[in-house]
Amino acid sequence: MLHQILNYILNLHIDPDADNLKRLDGQRLNLFSFSIGVILIFNSFRDLWFGFENYFEVLFILGVISLILFFFTKVRQNSLVCLITIELYILVVFFFSSTSGFENGMSLYYFPLLTSPLFIFNTRKTLKYIIIIFATVFILFLISHYYDFRIFSIGNMGNLEFSKNQRLITFIMVFVALAIIGYFIMLKHFTVLELYQKLLRSEKIISDMRTKLNRKDDLDLENLVKLAMNDDIAFIPKIKSSFPNLYDNLMEINPDITSEEFKLCALLKLGFTTKDIAEYNHISVRTVQTRKSRLRKSFGISADTDLYKWIDTL
């Protein structure tokens, strides 16, 4: 149940056909905007518990607006809107952190607000937004420091029980926020690395096939390998048109060939290793090895015959 809810939150308003990086960018914006709304509403009820009705109303309204924008619009995907939103939250933190001294712990909220733009604004065009946010936090923190974080006055803020409660909740929320931000930063790093490794591998496969076939321009190997790596349904029609005799030759040997067997043969034809096939088809290496064994039995291929050399003869 929780997994389904998280998937809904992460993928709301995201194009299902978007590539991995765009989907990841959209997911982190979704989680960030949703989390902001939840944090604001949670803090509003905490303030209500301690008798701060006015601040309950302000934080609750801001939280509801954030969730409404999250569920019903794509406005959060606009970089300028994200900048304005973060600046607004910085002002909220500035206000509450400058009420009863530095010890109230509210200044900790600056850290996730400083970290979040590093993965929200990740293009050269939006680099200026990061500078604006960092400059805003730096200036406001210096102002609060100059006045010993006691610029504004709120009744009961000196309450010891409230201060302890506030510090603990703030620390927990900041800890969770930084953990989530760190997770997405690492996830994007791994995604970029995976795409780069896939690019290198595709170039190696294409180069080997060019050498083997001694053909340069008459075969769209780039697109063929890309379809295979993405496990695209268009791969089978493409391989049949690129190697028109392959399917017919396999049918002559085994008229009962299955679509799974033909796909495996096609991947072997392109030179995909067992590890490649497992990774790009989202199955285990053991499963690929089992399918290779079944393929040998189905086509009567002896154990000492190299499958790659066998498929190259067809």
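**Exercise 1. The largest core**

Which residues touch the most other members of the largest nonpolar core? Then list the elements that build this core, and trace the contacts of L270.

Solution. 

Step 1. The model is predicted. Its largest nonpolar core holds 33 residues, and F235, I239, L250, L270 and F272 touch the most other members.

Step 2. Two or more residues of this core come from each of α7, α8, α9, α10 (244–253), α11, α12, α13 and α14 (307–312).

Step 3. Take L270 and set aside its neighbours within four places in sequence: L270 is then in contact with I205, M209, L221, L224, A228, F235, I239 and F243.

Step 4. Another core, of 31 residues, lies apart from the largest one; L29, Y129, I169 and V174 are among its members. As a general background, nonpolar side chains tend to be buried together in soluble globular proteins.

**Exercise 2. Overall form**

Describe the secondary structure of the protein and set its radius of gyration against that of a compact globule of 314 residues.

Solution. 

Step 1. The protein has 14 helices and zero strands. Read along the sequence, the pattern is therefore α-α-α-α-α-α-α-α-α-α-α-α-α-α.

Step 2. The radius of gyration is 28 Å, whereas a compact globule of 314 residues would have one near 20 Å. The C-alpha trace spans about 90 × 40 × 35 Å along its principal axes.

Step 3. Of the 314 residues, 41% count as buried. The protein exposes about 18200 Å², and carbon and sulfur atoms supply 63% of that area.

Step 4. Among contacts with a separation of 6 or more, 65% are made by residues 24 or more positions apart.

**Exercise 3. Salt bridges**

How many salt bridges does a search of the whole structure find?

Solution. 

Step 1. The search finds four salt bridges. In general, side chains of opposite charge can pair when their charged atoms come close.

Step 2. D276 and R201 meet through their side chains at 2.6 Å, N to O. This pair links distant parts of the chain, with D276 in helix α12 (residues 274–280) and R201 in helix α7 (residues 160–213), 75 residues apart. D276 is buried because its relative accessible area is 6%, and the cut-off for buried is under 20%.

Step 3. K263 and D231 form a salt bridge of 2.4 Å, N to O. K263 belongs to helix α11 (residues 259–269), while D231 sits in the loop between α8 (221–229) and α9 (235–242), 32 residues apart. Both are partly exposed: K263 has a relative accessible area of 23%, and D231 has 29%.

Step 4. R291 and E260 form a salt bridge of 3.6 Å, N to O. Here R291 in helix α13 (residues 285–299) is joined to E260 in helix α11, 31 residues apart. R291 counts as partly exposed at 27% relative accessibility, and E260 is partly exposed at 38%.

**Exercise 4. Helix α11**

Is α11 mostly covered or mostly open?

Solution. 

Step 1. α11 is mostly covered, since eight of its eleven residues are buried.

Step 2. The buried residues of α11 are E261, F262, L264, C265, A266, L267, L268 and K269.

Step 3. Just after α11, G271 takes a positive phi of about 90°.

**Exercise 5. A nonpolar surface patch**

Which residues make the nonpolar surface patch of about 750 Å²? Then place F138 and Y146 in the structure.

Solution. 

Step 1. The patch is made by F138, I139, L142, I143, Y146, Y147 and I151.

Step 2. F138 is found in helix α6 (residues 127–146), and Y146 lies in helix α6 too.

Step 3. F138 counts as exposed because its relative accessibility is 55%, and the cut-off for exposed is over 50%. Y146 counts as exposed as well, at 67%.

Step 4. For a sense of distance, Y146 and A135 are eleven residues apart in sequence and 17 Å apart in space, C-alpha to C-alpha.

Methods: Residues are numbered from 1 along each chain as its sequence is written. This is a predicted model: local features need pLDDT of at least 70, side-chain atom pairs count only at pLDDT 80 or more; totals for chains, interfaces and linings use all residues. Side-chain values use heavy atoms; hydrogens and water are left out. Patches are made of residues with over 30% relative accessible area and no salt bridge: like charges are joined within 9 Å, nonpolar side chains (Val, Leu, Ile, Met, Phe, Trp, Tyr) within 5 Å. Accessible areas come from the Shrake-Rupley method with a 1.4 Å probe; for residues, only the protein chains shown count as cover. Helices (H or I, at least four residues) and strands (E, at least two) are DSSP runs, numbered from the N terminus. Buried means under 20% relative accessible area, exposed over 50%, partly exposed in between (1.4 Å probe, protein chains only). A nonpolar core is a set of buried Ala, Val, Leu, Ile, Met, Phe, Trp, Tyr and Cys residues joined through side-chain atoms within 4.5 Å. Contact means heavy atoms within 4.5 Å. The radius of gyration is taken over C-alpha atoms; the globule rule is 2.2 Å times the number of residues to the power 0.38.
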